[in-house]
Amino acid sequence: PHTTLQRHAKANRSLLIPRFHYPQGKPGDQSELEMTIVNLRQVFLGLPNQQATREQFAAVTKAAGCPLYWKAPLFIACGGEKLGYVELNTIVEYWHNLCSTCHDASSRFLRIATRSSNRNYLLPEDFMALVQDVVDTHPGLTFLKEAQEFHSRYVHTVISRIYYCVNQSWSGQITLPELRRSDLLRVVDTLEVEDDINQVTQYFSYEHFYVIYCKFWELDRDHDLFIDKNDLARHSDHALSTRLIDRIFSGTVTRGKTVSQLNGSPDA
């Protein structure tokens, strides 16, 4: 049986159904892009040789209309990591290409972070530059600058928290729909206005990281940064049954990993 819409369409052959699905976001006004280019030109006119280094890229990122802490991924996406700077023509060309296919914040973030037009999902390593930049430049983490041995542990913990909350398919790949449904980009926006990192309780709180890391360190007796079945068995005074621990390590609820990989085989 035909639906009401199908019957209506057959009766009105000239009926034009407006497009309603925009996987990369609904295209905006061209004047918005033109204004962004004007803002970028103004920023670069005030820079030596009209070149922006990583340290100067905060102003460039804001001129592009992006949240402040997109600056490291955007700098790398524009080729800045290779040369040590980004020129005006480079970012103007990049921004034109980006806005021609990506029309909302989520699709643009995915393209910038992956540095690829062929991949429609985020991998954990795509977040490394952003989170490391938070460590390096956020005023709430200045005390961490000297303790470099904790940098990678904080970065990996934050990324793990992001995937635990955002990657609801447990695939290890955050898709564009998952990113849109999450609060991740809103939380990244908050980092710009909140100087106390511990007030950003989703993902980035240092206090939360410290609690997680201390518990991990307590269980990881040999400090090889891996928790095996024997380590996990000590959790909460051996409160977990062996059946539950076997279930956790079986891979039953983890996609993309074989049982042998989870059990630490040489092929893992």
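Which residues form a nonpolar patch on the surface? I looked this up in a predicted model. The patch consists of Trp217, Leu225 and Phe226, and together they have about 320 Å² of accessible area. I placed Leu225 in the loop that runs between helix 12 (206–219) and helix 13 (229–233). Its relative accessible area is 40%, so I noted Leu225 as partly exposed.

Next I turned to another loop leucine. Leu141 sits between helix 8 (128–137) and helix 9 (151–166). I found Leu141 buried, at 0% relative accessibility. Setting aside neighbours within four places in sequence, I listed its contacts as Val134, Val135, Tyr154, Ile197 and Tyr206. Tyr206 is 65 residues from Leu141 along the chain, yet their C-alpha atoms are separated by 8.0 Å.

Then I went through the salt bridges; the count is eight.

Lys71 and Asp133 meet at 2.7 Å, N to O. This pair links distant parts of the chain, with Lys71 in helix 4 (residues 71–77) and Asp133 in helix 8, 62 residues apart. Are these two side chains buried or exposed? Lys71 has a relative accessible area of 9% and is therefore buried, the cut-off being under 20%. Asp133 is buried as well, at 8%.

Glu218 and Lys215 form a salt bridge at 3.5 Å, N to O. I see both in helix 12, three residues apart, which is about one turn of the helix. Glu218 is partly exposed at 48%, and Lys215 is partly exposed at 32%.

For Arg186 and Asp183 I recorded 3.7 Å between the closest N and O atoms. Arg186 is partly exposed at 48%, as is Asp183 at 23%.

Terms used:
Residues are numbered from 1 along each chain as its sequence is written. This is a predicted model: local features need pLDDT of at least 70, side-chain atom pairs count only at pLDDT 80 or more; totals for chains, interfaces and linings use all residues. Side-chain values use heavy atoms; hydrogens and water are left out. Patches are made of residues with over 30% relative accessible area and no salt bridge: like charges are joined within 9 Å, nonpolar side chains (Val, Leu, Ile, Met, Phe, Trp, Tyr) within 5 Å. Accessible areas come from the Shrake-Rupley method with a 1.4 Å probe; for residues, only the protein chains shown count as cover. A salt bridge is a side-chain nitrogen of Lys or Arg within 4 Å of a carboxyl oxygen of Asp or Glu. Helices (H or I, at least four residues) and strands (E, at least two) are DSSP runs, numbered from the N terminus. Buried means under 20% relative accessible area, exposed over 50%, partly exposed in between (1.4 Å probe, protein chains only). Contact means heavy atoms within 4.5 Å.
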